[in-house]
Amino acid sequence: MNLPALLWINGRIVPTAEARVSPLDHGFLVGDGVFETLVARNGQPFTPTRHWKRLVASCAAMGITPPEFGLYVQAMHEVMKANGLTDARIRVTLSSGDGPLGSDRGNSAATMTVVATQLKPWPPTESVITVPWTRNEHDALAGIKSVSYAGNVRALALAHEKGAGEALFANTSAQLCEGTGTNVFIVVGTLVQTPPLSSGCLAGVTRGLVIEACQAAGIAVDESPIPITHLQTCDEAFLTSSTRDVHTIAKIDQRLMPEIPNSITQRVAQAFRDHVAGRDDP
């Protein structure tokens, strides 16, 4: 694993090898924190305002004080410059700070870290599996980008064991929900479908941009509950995320997806590129 030489923590750029977070930090102790992952290209973070608004919403839901927008953007630029990066994957993490060993919180200020690493390409298509565990759409953390990702870690490890690159969850109603770090779309005929936020999925920034792009391009798109079984009958499927953009799914469990010339997924990908072209913060 290639780690960046330097990172940003609580207002300072420090060597990664020397950076320290308190062992009493609640992000470490009980997963009491939130984060955002975004990309930068040509030295500019992409859609920082949308990510900041989601970070603020996550902080509000968790009762954590969010950073000011100016500090958030400044920290990203500082850590990219410190590591000599222009194209980067950036992670902004906030925890509630030091606290007791249990679930009660202390009175410490939030801990904030910003890390930037080299942006790496994904393969042209992705294989996914469905996993036996479910998302609880009624959970207190449903739709919150919380650092409590142990369930995702387990699911993604299972995907890798089976030769896949992403794992997909159903919710407690056996409806399609999301991946470990992605939103998921299916295509039936000419209709693009994605789970609604009520399914428990994260309100992905790229998900939102793709929906906007489809609407602008005249591509029919719908947010309605999708039975997880529809993954075995849909015509096409794709993932979205900040690092993947629109990423075609080539295999779902044991099902090889058909190769379709001039597919709807290809149209969606082009519509997305057109929608965001020339704008760092659309």
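The charged end of Arg244 sits over the ring of Trp122, 3.7 Å from its centre; a charge counts as sitting over a ring if NZ of Lys or CZ of Arg is within 6 Å of the ring centre and within 35 degrees of the ring normal. That contact comes from a predicted model, where local features need pLDDT of at least 70 and side-chain atom pairs count only at pLDDT 80 or more, while totals for chains, interfaces and linings use all residues. Residues are numbered from 1 along each chain as its sequence is written, and side-chain values use heavy atoms, leaving out hydrogens and water.

**The chain as a whole**

- The protein chain has six helices and 15 strands; these are DSSP runs, numbered from the N terminus, with helices (H or I) of at least four residues and strands (E) of at least two.
- A compact globule of 282 residues would have a radius of gyration near 19 Å, and the protein chain agrees, with 19 Å. That radius is taken over C-alpha atoms, and the globule rule is 2.2 Å times the number of residues to the power 0.38.
- Along the principal axes, the C-alpha atoms fill a box of roughly 55 × 40 × 30 Å.
- Of the 282 residues, 47% count as buried. Buried means under 20% relative accessible area, exposed means over 50%, and partly exposed is in between (1.4 Å probe, protein chains only).
- Among contacts with a separation of 6 or more, 69% come from residues 24 or more positions apart; a contact means heavy atoms within 4.5 Å.

**Aromatic rings**

- The structure holds four aromatic pairs. Rings of Phe, Tyr and Trp (its six-membered ring) pair if their centres lie within 6.5 Å; planes under 30 degrees apart count as stacked, over 60 as edge-to-face and the rest as tilted.
- One of the pairs is Trp52 with Phe69, which is edge-to-face, at 5.3 Å centre to centre and 70° between the planes. Trp52 lies in helix 2 (residues 48-62) and Phe69 in helix 3 (residues 69-82), so this pair ties together parts that are 17 residues apart in sequence.
- Trp52 is partly exposed at 21% relative accessible area, and Phe69 is partly exposed too, at 30%.
- Phe69 also pairs with Tyr72: the ring centres are 5.8 Å apart and the planes are at 40°, so this pair is tilted. Both residues lie in helix 3, three residues apart, about one turn of the helix.
- Tyr72 is buried, with a relative accessible area of 0%.
- Put together, Trp52, Phe69 and Tyr72 form one aromatic cluster.
- Elsewhere, Arg91 lies over the face of Phe35, at 3.8 Å from the ring centre.

**Nonpolar cores**

- The largest nonpolar core has 23 residues, and Met76, Ile90, Val92 and Val114 touch the most other members. Such a core is a set of buried Ala, Val, Leu, Ile, Met, Phe, Trp, Tyr and Cys residues joined through side-chain atoms within 4.5 Å.
- Strand 3 (33-41), helix 2, helix 3, strand 5 (88-95) and strand 6 (111-118) each give two or more residues to this core. Helix 3 supplies the largest share, six residues.
- Setting aside neighbours within four places in sequence, Val114 is in contact with Leu7, Trp8, Ala75, Met76, Val79, Ile90, Arg91 and Val92.
- Another core, of 21 residues, lies apart from that one, and its members include Leu209, Ile219, Val268 and Ala269.

**Cysteines**

- A search of the whole structure turns up zero disulfides, a disulfide being a pair of cysteine sulfur atoms within 2.5 Å.
- For Cys59, the closest cysteine sulfur is in Cys201, 20 Å away and too far for a bond. Cys59 is buried, at 0% relative accessibility.
- Cys234 is in no disulfide either, as the nearest cysteine sulfur, that of Cys214, is 15 Å away. Cys234 is buried at 2% relative accessible area.

- Most residues other than glycine have a negative phi.
- Thr47 has a positive phi of about 50° although it is not a glycine. This residue is found in the loop between strand 4 (44-45) and helix 2, and it is buried at 1% relative accessibility.
- Ala174, also not a glycine, has a positive phi near 60°. It is found in the loop between strand 8 (166-171) and strand 9 (176-179), and it is partly exposed, with a relative accessible area of 43%.
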